[in-house]
Amino acid sequence: MSANQPNFFSVIVSVLAALFGVQTEQNRQRDFSKGHPGIFIAVGVFFIVLFVATLLLVVNLVLP
């Protein structure tokens with residue numbers, strides 16, 4: 001990974017910010033210009049699956 005590419009922590013923060021709709025324009029520009037789309041897609045899919053699994057777990061715990 002070159003120095004210009006966002007590190008893994010930056011990718012996670014960017015994906016979470018984008019999922020919540022609070023991504024800054026500066027970070028979005030950085031991600032689109034220096035990041036690889038595959039890693040953002042993979043992390044995004046992972047967090048969406050984790051979110052759905054958490055919702056299913058909570059619903060199954062709450063309902064008898």
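Trainee: Why does Asp31 count as buried?

Mentor: Asp31 has 9% relative accessibility. Buried means under 20% relative accessible area, exposed over 50%, and partly exposed in between (1.4 Å probe, protein chains only).

Trainee: What should I know about the model?

Mentor: This is a predicted model: local features need pLDDT of at least 70, side-chain atom pairs count only at pLDDT 80 or more, and totals for chains, interfaces and linings use all residues. Residues are numbered from 1 along each chain as its sequence is written, and side-chain values use heavy atoms, with hydrogens and water left out.

Trainee: Where does Asp31 lie, and which residues does it touch beyond four places away in sequence?

Mentor: Asp31 belongs to helix H2, residues 25-34. Helices are DSSP runs of H or I, at least four residues long; strands are E runs of at least two; both are numbered from the N terminus. Beyond four places in sequence, Asp31 touches Pro6, Ser14, Gln23 and Phe40. Contact means heavy atoms within 4.5 Å.

Trainee: What makes the link between the side chains of Ser14 and Asp31 a polar contact?

Mentor: The distance is 3.0 Å. A polar contact is a pair of N or O atoms within 3.5 Å; within protein, one must be able to donate a hydrogen and the other to accept it, and residues adjacent in sequence count only if both atoms are side-chain atoms. The Ser14–Asp31 pair is inside that limit, so it qualifies. Asp31 also pairs with Arg30, side chain to side chain, at 2.9 Å.

Trainee: How do you know whether Ser14 is buried or exposed?

Mentor: Ser14 has 3% relative accessibility, so it counts as buried. Ser14 sits in helix H1. Leaving aside neighbours within four places, Ser14 is in contact with Gln23, Arg30, Asp31 and Phe40.

Trainee: Why is Ser10 called partly exposed, and Asn4 exposed?

Mentor: Ser10 has a relative accessible area of 21%, so it is partly exposed. Ser10 is also in helix H1. Asn4 has 54%, so it is exposed. Asn4 lies in the segment before H1.

Trainee: Which residues make up the largest nonpolar core?

Mentor: There are 6: Val11, Ile12, Val15, Phe40, Val43 and Phe47. Helix H1 (8-20) and helix H3 (37-62) each give two or more of them. A nonpolar core is a set of buried Ala, Val, Leu, Ile, Met, Phe, Trp, Tyr and Cys residues joined through side-chain atoms within 4.5 Å. Val43 touches Phe8, Val11, Ile12 and Val15, not counting residues up to four places away.

Trainee: What does the UniProt record say about residues 40-63?

Mentor: The unreviewed UniProt entry annotates them as "transmembrane region". Such annotations may be inferred rather than shown by experiment. In the model, that span is 96% helix and 0% strand, and its end C-alpha atoms lie 34 Å apart.

Trainee: How does the radius of gyration of the protein chain compare with that of a compact globule?

Mentor: The chain has 15 Å, whereas a compact globule of 64 residues would be near 11 Å. The radius is taken over C-alpha atoms, and the globule rule is 2.2 Å times the number of residues to the power 0.38. The C-alpha trace spans about 50 × 20 × 15 Å along its principal axes. The chain has 3 helices and 0 strands. Buried residues make up 19% of its 64 residues.
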